[in-house]
Amino acid sequence: MSGYRTLPVPDGLDGMRVDAGLAKLLGLSRTAVAALTESGDVVLDGQPAGKSDRLVAGAWLEVTLPEPENPVRVQAIAVEGLAILHEDDDVIVVDKPVGVAVHPSPGWTGPTVVGGLAAAGVRIATSGAAERQGVVHRLDVGTTGVMVVAKSEHAYSVLKQAFKERTVDKLYHALVQGHPDPIKGTIDAPIDRHPKHDYKFAVMANGKPSITHYEVVEAFRAASLLDVHLETGRTHQIRVHFSALRHPCVGDLTYGADPVLAKRLGVTRQWLHARTLGFHHPADGQWVEFTSPYPDDLAKALELLRSEG
């Protein structure tokens, strides 16, 4: 990959902040380097580096750079099924349908939330990388449910900080195979990119701290419906954690789900839904919550399980 660089930290950068040192080394702005660190694309001696971390001469540096050719741009294209749950001057809360990415990325040619909002005439914050402006958190392409996008620069700053400080309440509903034991618990297991398959993630000893709280709310013969609260927000976190417990999300073939059960229930993606999102509103600090109903495919799978007794 031409956008990947790996090298030891030069002596001349010893002790410098990551953003300042890499800006000098790579000819990028400090803002661009900060965006790379935020997305986990700067690694020092095997650990993701923050923009304010210090460089150490001789430490092994790995940087994944965005491809300079054909920059990813937001295309204003209407997105079928993208529902607006709430909108004001600061935020817009949407219900994301399946098969929709939050923002453009290399290799993704499908619909996006930011593109759908642009097509609907919604102006969002300009903070953040060009293709991710206004985006303060994400959902997987195959995960449905509620998410918030910042419209004002003030809201972007406040919400980014809220997600960082974990003051946002993110409740997911997940249908997992089998019956987790205990029926209420916490999964505290670090997550990093899979060592063999770069499209997957896995529980790894040197990964980023990842904490998931869950409780079984309904049990069926072959599966359990869970309330899941995320304390951290790693990519694929719920999917990886429950796969590691040998209770993958129903339909999540990438992480070891049973294809026979998925077919029987008519599920063609992971049964995982961002059910409720609560946060302190950036305008006045008042607590607000928004809830997304189940989409048809997930609701029908539950009905089938309930009808089996």
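**Conventions**

I take helices (H or I, at least four residues) and strands (E, at least two) as DSSP runs, numbered from the N terminus. The model I consulted is predicted: local features need pLDDT of at least 70, side-chain atom pairs count only at pLDDT 80 or more, and totals for chains, interfaces and linings use all residues. Residues are numbered from 1 along each chain as its sequence is written, and side-chain values use heavy atoms, with hydrogens and water left out.

**Entry on E38**

I began with E38, which lies in helix α2.

I then looked up the side chain of E38, which makes a polar contact with the side chain of K160 at 2.2 Å. A polar contact is a pair of N or O atoms within 3.5 Å; within protein, one must be able to donate a hydrogen and the other to accept it, and residues adjacent in sequence count only if both atoms are side-chain atoms. I also noted that E38 and E231 are 193 residues apart along the chain, and that 18 Å separates their C-alpha atoms.

**Entry on α1 and α2**

Two packed helices are described by the angle between their axes and the distance between the axes. I looked up both for helix α1 (residues 18–26) and helix α2 (residues 30–38): the axes come within 8 Å and cross at roughly 115°. Axes here are lines fitted to C-alpha atoms, for helices over the stretch in contact, and angles run from 0 to 180 degrees between N-to-C directions.

Which residues of α1 meet α2? I found V18, D19, A20, L22 and A23 in α1, facing R30, V33 and T37 in α2; contact means heavy atoms within 4.5 Å. The residues of this contact divide into five nonpolar, one polar and two charged. In this count Ala, Val, Leu, Ile, Met, Phe, Trp, Tyr, Cys and Pro are nonpolar, Asp, Glu, Lys and Arg are charged, and the others, Gly among them, are polar.

I listed the buried residues of α1 as V18, D19, A20, G21, L22 and A23. These buried residues pack against α2, β2 (42–44) and β4 (60–64). Just after α1, I noted that G27 takes a positive phi of about 75°.

**Entry on the four-stranded sheet**

I next traced an open sheet of four strands, in the order β1-β4-β2-β3, with antiparallel pairing. Its edge strands are β1 (4–8) and β3 (47–48), each pairing on one side only. Two strands pair if DSSP finds at least two bridges between them. Between β2 and β4 I found three bridges in the antiparallel sense, and V43 stands opposite E62 in β4. Helix α1 packs on the sheet and touches β1, β2 and β4, its direction making about 75° with that of β4.

**Entry on β6**

On pairing, β6 joins strand β5 (residues 83–87) over four antiparallel bridges, among them I84 with V94 as its partner in β6. β5 and β6 form a hairpin with three residues between them. β6 also runs antiparallel to strand β7 (residues 144–150), with six bridges; there, D95 has V146 as its bridge partner.

Lastly I looked up strand β8 (residues 169–177), which is mostly covered, with eight of its nine residues buried. Six bridges join β8 to strand β14 (residues 272–280), antiparallel, and D169 has G278 as its partner in β14. Seven bridges join β8 to strand β13 (residues 223–230), again antiparallel.

H173 is found in β8 and stands opposite D227 in β13. I recorded H173 as buried because its relative accessible area is 10%. Its side chain makes a polar contact with the side chain of Y294 at 2.5 Å. Leaving aside neighbours within four places in sequence, H173 is in contact with L225, L226, D227, W271, L272, H273, R275 and Y294.

Key
Buried means under 20% relative accessible area, exposed over 50%, partly exposed in between (1.4 Å probe, protein chains only).
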